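This briefing concerns the arrangement of strands, helices and chain copies in the model shown below. Please consult the sequence and structure alongside the points that follow.

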There are 2 protein chains.
Amino acid sequence: MKNHVFNFGGGKADGDGTMKEILGGKGAGLAEMSKAGVPVPPGFTISTEVCTIFFENGNKVPEEINQQCLKALEKLEKQIGKKLGDPKNPLLVSVRSGAKFSMPGMMNTILNLGLNDVTTEGLAALSGNPRFAYDSYRRFIQMFGEVALNIDMEKFDHIFDAQKKKAKTKLDTALTAKDLQAIIVEYKKLVKKETKKEFPQDAYDQLAMARDAVFRSWWNPKASYYRKMEKIPDEIGTAANVQAMVFGNMGDTCATGVGFTRNPLSGEKEFWGEFLINAQGEDVVAGIRTPEPLADLEKLMPAAYEQLHKITESLERHYRDMQDFEFTIEDGTLYMLQTRNGKRTGPAAVRVAVDLCHEGLIDKKEAVMRVAPSQLDQLLHPVFDTASLKKLGELAAGISASPGAAVGRVAFSADDAVVMAAGGPVILVRKETTPDDIHGMDVAKGILTAVGGKSSHAAVVARGMGRPCIVGAGSIQIDEHGKKFTTGGKVVKSGDWISIDGTTGKVYLGQAVTNEPDPNSSYFGTLMKWADEFRGKFGVRANADIPRDAKAARLFGAEGIGLCRTEHMFFAEDRIPYVQAMILARDEKNRRKALAKLLPMQRADFAGLFKAMDGFPVIIRTLDPPLHEFLPKREDLMVDLAKFPHATAKDKKAMSEKYRMPVGELKKQLPELLHRVEELHEFNPMLGHRGCRLGITYPEITEMQARAIFEAAAQVAKKGIKVMPEVMIPLVGSEKELENQKLIVQRVAEEVLAKAGLKKLHYMIGTMIEIPRAALTADEIARQAEFFSFGTNDLTQTTMGLSRDDYTKFSGHYENIKVFKADPFASIDQGGVGKIIELAIKLGRQTRPDLEIGICGEHGGDPSSVEFCYRVGMNYVSCSPYRVPIARLAAAQAAISDKTEANRTA
Amino acid sequence: MKNHVFNFGGGKADGDGTMKEILGGKGAGLAEMSKAGVPVPPGFTISTEVCTIFFENGNKVPEEINQQCLKALEKLEKQIGKKLGDPKNPLLVSVRSGAKFSMPGMMNTILNLGLNDVTTEGLAALSGNPRFAYDSYRRFIQMFGEVALNIDMEKFDHIFDAQKKKAKTKLDTALTAKDLQAIIVEYKKLVKKETKKEFPQDAYDQLAMARDAVFRSWWNPKASYYRKMEKIPDEIGTAANVQAMVFGNMGDTCATGVGFTRNPLSGEKEFWGEFLINAQGEDVVAGIRTPEPLADLEKLMPAAYEQLHKITESLERHYRDMQDFEFTIEDGTLYMLQTRNGKRTGPAAVRVAVDLCHEGLIDKKEAVMRVAPSQLDQLLHPVFDTASLKKLGELAAGISASPGAAVGRVAFSADDAVVMAAGGPVILVRKETTPDDIHGMDVAKGILTAVGGKSSHAAVVARGMGRPCIVGAGSIQIDEHGKKFTTGGKVVKSGDWISIDGTTGKVYLGQAVTNEPDPNSSYFGTLMKWADEFRGKFGVRANADIPRDAKAARLFGAEGIGLCRTEHMFFAEDRIPYVQAMILARDEKNRRKALAKLLPMQRADFAGLFKAMDGFPVIIRTLDPPLHEFLPKREDLMVDLAKFPHATAKDKKAMSEKYRMPVGELKKQLPELLHRVEELHEFNPMLGHRGCRLGITYPEITEMQARAIFEAAAQVAKKGIKVMPEVMIPLVGSEKELENQKLIVQRVAEEVLAKAGLKKLHYMIGTMIEIPRAALTADEIARQAEFFSFGTNDLTQTTMGLSRDDYTKFSGHYENIKVFKADPFASIDQGGVGKIIELAIKLGRQTRPDLEIGICGEHGGDPSSVEFCYRVGMNYVSCSPYRVPIARLAAAQAAISDKTEANRTA
């Protein structure tokens with residue numbers, strides 16, 4: 001039988017730090033630390049493979065492996081000189097989960113295992129502290145009851161609170177040993193009632209049950225949700241770590257705490273963390289008591305502090321990364337409970353990477369690889385406009401737990417937050433958060449809690465998510481039932497607007513104005529510079545429709561515009577009447593009349609883009625959406641027409657405004673308008689009369705747009721600005737379609753440029769690849785196209801036969817059974833859509849080896865999609881301006897990971 | 001300079017019968033006949049290449065080629081001993097189009113060219129028949145005016161009719177030479193007025209202009225339409241044939257006629273055709289005079305008849321096919337004007353092919369290749385139920401011109417027919433048809449004309465189209481303006497129902513009942529037997545949802561059911577309430593309740609199919625359409641709800657019936673229903689919550705359907721009938737989806753079959769391939785699928801990003817610029833969709849070499865698509881029952897054309 005159980009402690013270990021797959025992150029860390037002489041409490045790790053075996057074996061650990069566990073326990077008992085269940089000198093252990101990837105708080109932990117009616121007395125005698133022993137026992141019953149016996153935690157809380165009431169105290173610490181004994185009696189009764197069995201007194205039974213409960217917790221709903229969110233595979237399972245308990249709660253010579261070797265918010269090099277005297281570890285992270293900053297430990301326990309500082313510094317050097325550690329001091333003796341690479345905010349990730357490189361611990365390449373591209377999002381968050389803050393009332397202050405500014409309406413529960421988020425931004429306000437709140441945190445723009453510290457659940461999770469977060473805002477009195485909070489005499493109700501600044505910890509009443517972030521901070525700038533060095537020729541452009549966005553894009557480092565959606569300009573208030581006139585025109589003559597009004601407006605837009613992108617290419621797409629999108633909704637018209645015979649004067653006035661027709665004309669024009677809307681109505685607009693299909697039926701539209709583009713280009717070029725127009729024809733499915741539109745654009749371009757004396761101005765004509773047929777016939781299409789741009793939004797919809805808008809109806813089911821690896825509308829479906837993209841690139845370059853190829857779908861800003869685009873040989877990605885730095889970093893990482901440059905052209 | 005002009009006549013020719021590409025069908029035929037010693041009037045052919053050069057050269061024939069023409073003309077003049085423009089002995093010629101493929105009546109012809117003021121007098125003197133000369137000249141001016149000078153024909157008719165009125169006659173033949181001279185004067189005035197030039201008197205000018213007009217007529221709208229319909233390429237162009245005129249209208253020793261070596265309606269071996277004494281060829285086909293049957297010629301001109309019979313019989317042996325010929329007898333001398341393989345009805349095609357094989361002229365293989373699969377459609381047309389005809393009044397009788405029975409509403413113009421056809425079947429009723437009516441004939445179920453014979457335009461075109469047609473129903477008085485016709489005192493108005501029997505020539509008032517055709521006639525049966533011999537293992541199945549269709553399918557030779565759409569059963573009046581209850585159910589329990597009601601109904605349906613298909617496989621597809629299709633329309637509900645506050649009692653009653661809810665409940669239930677309908681509303685239903693996506697969200701639906709299938713299978717199998725169920729999961733895009741549904745079906749199947757003691761009953765589970773992603777991941781999907789069936793309707797829509805329902809909005813534009821080779825919803829788009837099909841087959845067979853692969857989209861009955869399916873290695877096609885014989889024949893032809901059997905498996 002293969003060995004599945006690995007002992008550690010006492011300066012040696014069966015495993016080591018490289019064995020994360022088998023031992024999990026925590027287990028591997030403990031083995032590594034043991035080997036490095038770090039004082040960890042001894043114990044053993046039951047491997048992740050046992051978790052898999054457990055599930056395959058009908059949720060049971062096979063007897064052979066159980067025997068290995070018992071052997072390891074024996075070894076541990078010898079090491080520490082205590083025995084499990086020993087009435088006199090009982091060994092107490094913790095049983096914790098620990099997967100390959102960190103999933104904080106998502107799975108189960110049981111502490112103080114080994115206590116029963118007898119050993120508790122032994123512990124009381126041994127520690128000379130009966131209250132501690134009873135408190136430990138009641139905690140154990142409660143945790144074990146909840147985790148291993150599936151008893152509702154509230155039922156324990158109910159008993160506990162009743163006893164506090166009886167004892168007339170509000171503080172847990174005020175309960176006496178007797179009170180706690182009474183609680184234990186009630187707890188055991190509860191267990192009997194709920195499980196029909198006595199609370200297990202055999203410590204070996206307890207251990208087996210706890211181990212199994214840890215394995216089972218792999219499939220906790222919150223753990224599953226977390227894995228989905230963090231893209232952690234379901235198959236890998238968790239290890240179970242059994243470790244001798246050490247106690248931070250045996251009196252005032254004891255303490256427990258957590259810390260980071262650097263500030264995980266800012267990345268600054270400082271010894272950062274917090275601790276509690278006379279407490280167990282979970283008290284620090286649970287957010288029940290507000291802990292003290294780590295710096296204060298130096299005064300209270302200088303020796304232990306010094307040792308902690310030294311050990312953690314050497315751990316950082318050992319792991320070459322910022323460490324997140326847990327420690328306990330039992331009667332003045334330091335134990336390291338855990339160390340791991342610390343989670344950090346985006347700004348901290350950037351600073352730590354740059355600093356570590358400057359400190360010589362890692363090189364530039366590794367620094368670039370150290371920051372997850374999605375973390376940059378946090379550096380690109382808006383900050384509050386100072387002036388606007390002054391106009392708002394300052395409501396409260398708390399601990400800044402995750403930086404950035406957020407504005408939204410208050411929601412008092414995760415469920416409310418989800419509902420309200422559909423209507424606009426939400427700030428989730430909770431007394432404290434628990435892993436059960438995760439879906440609400442996910443949708444919230446920011447998080448505010450009344451209790452807890454920098455390591456509380458709210459703080460840890462918000463940082464991971466990059467959400468601005470303030471914790472421990474103690475002045476806030478939350479009435480969760482009444483859905484309101486009170487602070488300084490002010491009452492804030494559900495739905496009221498507040499603004500929170502996760503960087504300063506301040507809360508404001510009302511909506512503050514936010515300012516754009518400065519993406520050129522020195523650490524960020526350094527990292528991006530390094531990233532660009534590795535990125536090489538692979539370009540990053542931005543999708544921008546208006547000059548303002550184009551300017552922002554340049555600021556974020558975009559090297560051109562990959563997609564300008566001309567129709568976005570059509571929806572403007574001053575233009576929509578002409579657009580509608582064009583659509584309602586019954587013949588070409590009247591259509592041209594309306595188009596003539598739009599021409600100067602489009603020309604001005606394009607001129608603005610060309611100016612902003614001096615020297616960089618600008619891809620302008622011709623009209624794409626179906627024409628009915630510019631007209632009133634069919635069902636609105638039908639309903640208004642049905643109501644018309646009985647409409648009041650007021651109703652009619654409203655209709656008149658809505659449809660832009662005089663009240664007196666409604667009776668005649670409403671049915672006419674409906675008639676035209678009916679003519680344009682489509683069963684599947686996504687697959688309908690749009691894209692180049694419009695330009696083919698109404699060549700005068702393409703003509704007008706081409707004229708606007710090249711007249712703008714000529715205008716700007718004459719001012720000495722370098723203009724690089726690329727005209728993109730959308731929704732092409734065959735060479736013939738592109739040829740048809742290309743001829744129109746070419747004719748207009750040549751006419752306009754000749755007239756302007758700019759015959760040599762270089763421009764390109766290309767196409768979107770967003771229909772499978774275009775990909776399948778890319779060799780033919782490339783005969784006409786000078787560039788391809790993958791429109792992966794539509795290509796995903798057509799390739800998967802899946803409407804993005806309609807997918808939401810059943811996406812939940814699809815995520816549950818994991819039909820796709822990730823949301824195909826967020827991350828390119830490489831197994832399906834990716835294949836057709838690769839085919840199109842191959843065929844396109846067959847015909848035209850220097851074909852410029854990029855992507856302009858929303859996937860262009862998704863790191864894994866950027867990596868894909870790089871790998872398959874595209875020349876650039878294009879994404880929203882705020883995601884440009886993310887794409888730059890992702891591209892650099894792709895380039896570093898790429899072993900060869902063979903698949904890159906141009 | 002390459003030679004582009006080819007002389008023929010006098011027992012020799014520059015070209016020959018193999019040169020159709022260059023000489024066109026007519027020119028090649030004339031050359032071939034000349035060489036074979038057939039007495040054709042001499043002349044020369046200007047090649048199709050000149051047509052292409054003409055268009056490339058700015059609609060001009062280059063001077064070099066013009067010189068070749070003049071040289072050929074000189075040769076012709078020598079041969080026949082007359083000179084063009086000679087005042088005494090003028091050569092008259094015809095100038096006719098003639099492309100590689102026959103396009104009867106679609107392009108221009110000019111006769112009597114060479115006549116002018118002077119030569120007409122010469123002709124009068126030479127023939128001793130001034131009336132004939134003037135009639136020829138006025139005909140020539142009219143034809144030339146219309147064709148070469150673009151003068152409206154009606155303007156000539158107006159002059160002609162005015163002269164008839166003046167002469168107080170209704171017959172053309174009653175006009176005197178003087179009358180005709182007066183007409184010529186007026187005609188020339190008209191030409192002067194319209195063209196600002198005199199009518200050209202120079203015969204050489206006339207010839208050049210006529211030649212160019214023939215080339216230009218290649219792009220006549222009707223010619224373009226015909227080519228589109230018949231899939232004739234636009235690039236090939238037409239030749240121009242210049243041929244000495246011979247005259248059938250020089251008195252009663254002259255005649256002209258057309259004929260077939262076999263009956264083109266039935267295929268019977270008889271000398272079939274018609275002629276007119278003292279007439280020009282166009283009089284026969286124009287339908288102005290009703291000609292006599294060819295048999296009568298024997299009595300009138302026995303020698304010429306005998307010669308004609310002999311020559312045409314030898315032509316048939318020479319070409320090894322039924323010939324369609326034209327002849328003229330000038331003063332008792334026979335000239336053959338044309339011969340070609342004759343167009344024929346479907347039944348005739350079958351009989352001629354079988355007879356020719358029996359006669360030893362062709363072998364079985366060639367016989368099978370001789371019948372276009374689409375022609376079989378005509379053998380599968382319904383016939384009238386005799387009893388039902390008795391109840392209808394017999395309105396009129398005419399000449400049976402194209403067989404088959406048709407029922408429809410009367411339309412009096414092609415445009416009316418097009419409009420009315422959208423609302424139901426139409427019979428086009430015209431005095432006579434012209435090529436301008438072709439779009440109306442295309443949409444009509446049948447055609448009825450008042451004048452004309454078996455070779456009239458209506459008859460020829462209708463046979464080609466396979467439309468039932470009656471011509472020359474002389475009792476019918478048509479008032480086209482008043483949109484009615486009168487016959488025997490009865491008035492039939494536009495929109496009235498009539499029934500016509502193209503086989504008997506009888507017209508009935510009202511709607512007759514039609515009976516299914518007998519596809520097992522002896523000729524048909526023989527041909528299909530031969531076809532099946534060549535078809536080999538390649539299967540043909542039918543799409544059938546109900547036992548009745550399944551029985552019809554067997555009769556037509558289907559070897560199984562390729563697609564049973566279970567949802568078609570859901571729309572039945574007795575089921576839709578349960579279907580709606582299932583959809584409206586808010587939880588699984590209530591959904592199961594409604595499903596339980598549907599189970600026995602579905603079981604009975606499936607049992608019927610299994611019985612009908614004894615020993616053949618039956619593919620049943622699980623529920624496919626989005627659920628909202630089973631509920632009332634969203635906009636109907638919105639409008640009714642808007643109207644509700646002011647609805648009358650009558651309105652409410654109507655709503656109550658429409659929505660199946662009590663009047664008193666409307667106020668409450670209407671908004672609730674709308675709410676649910678809104679919930680289910682989709683932006684793009686084609687890409688929405690349907691197919692396997694339903695089965696995944698509502699596994700109980702799949703479960704019920706699987707239960708119905710296997711309970712039915714068990715029931716039928718126990719009666720000793722061989723049952724081969726194949727369960728097909730629709731809209732699969734990934735292996736996971738199929739696996740999910742497969743597990744449900746397997747579980748139910750095993751449970752039901754075990755219970756029935758039929759554990760060994762063989763069944764299969766497979767999937768539709770109708771989404772590009774399924775094709776791209778076919779290797780993965782084949783791990784789960786035992787068979788693939790290409791759903792080419794949806795696969796075409798998704799691959800092309802083109803909604804079939806919405807394509808109609810711009811398909812006209814797309815056909816005009818030829819974006820696709822053919823309608824992609826009728827014929828598989830081999831250049832795009834075909835590629836992804838081939839990929840899917842390759843990937844699927846990689847994983848599972850014995851994968852059963854077929855097609856069940858509507859393309860399965862399209863001959864060119866069948867050929868494609870065969871070629872890419874499918875195992876079968878499935879199509880509508882009535883197209884099964886077409887598919888069998890198409891498959892046989894594919895097998896014969898296929899050089900190797902290498903790509904065939906299983």
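A:Asp479 stands opposite A:Lys484 in β22(A). The model is a predicted one, in which local features need pLDDT of at least 70 and side-chain atom pairs count only at pLDDT 80 or more, while totals for chains, interfaces and linings use all residues; side-chain values use heavy atoms, with hydrogens and water left out. Residues are numbered from 1 along each chain as its sequence is written, and chains are lettered from A and ligands numbered from 1 in the order in which they are written.

**Three-stranded sheet of chain A**

- Strands β21, β22 and β23 of chain A form an open antiparallel sheet in the order β21-β22-β23 (strands are DSSP runs of E, at least two residues, numbered from the N terminus; two strands pair if DSSP finds at least two bridges between them).
- The edges are β21 (477-479) and β23 (490-493) of chain A, each of which pairs on one side only.
- From one strand to the next, the twist averages 20° (axes are lines fitted to C-alpha atoms, for helices over the stretch in contact, and angles run from 0 to 180 degrees between N-to-C directions).
- β21(A) is joined by three bridges to β22(A), residues 484-487, and the two run antiparallel.

**Eight-stranded sheet of chain B**

- Eight strands of chain B make an open sheet of mixed pairing, ordered β13-β23-β22-β15-β16-β17-β18-β14.
- Its edge strands are β13 (393-397) and β14 (399-402) of chain B, each pairing on one side only.
- Within the sheet, β22(B) (residues 497-501) and β23(B) (residues 506-509) pair in the antiparallel sense over four bridges.
- B:Ser499 has B:Tyr508 in β23(B) as its bridge partner.

**Helix pair of chain B**

- The axes of α24(B) (residues 634-643) and α25(B) (residues 649-659) come within 12 Å and cross at roughly 155° (helices are DSSP runs of H or I, at least four residues).
- The two helices, α24(B) and α25(B), are therefore roughly antiparallel (angles over 145 degrees).
- B:Asp636, B:Leu637 and B:Asp640 of α24(B) meet B:Met655, B:Lys658 and B:Tyr659 of α25(B) (contact means heavy atoms within 4.5 Å).

**Relation of the two chains**

How values were computed:
Parallel < 35°, antiparallel > 145°, perpendicular 65-115°, else oblique.
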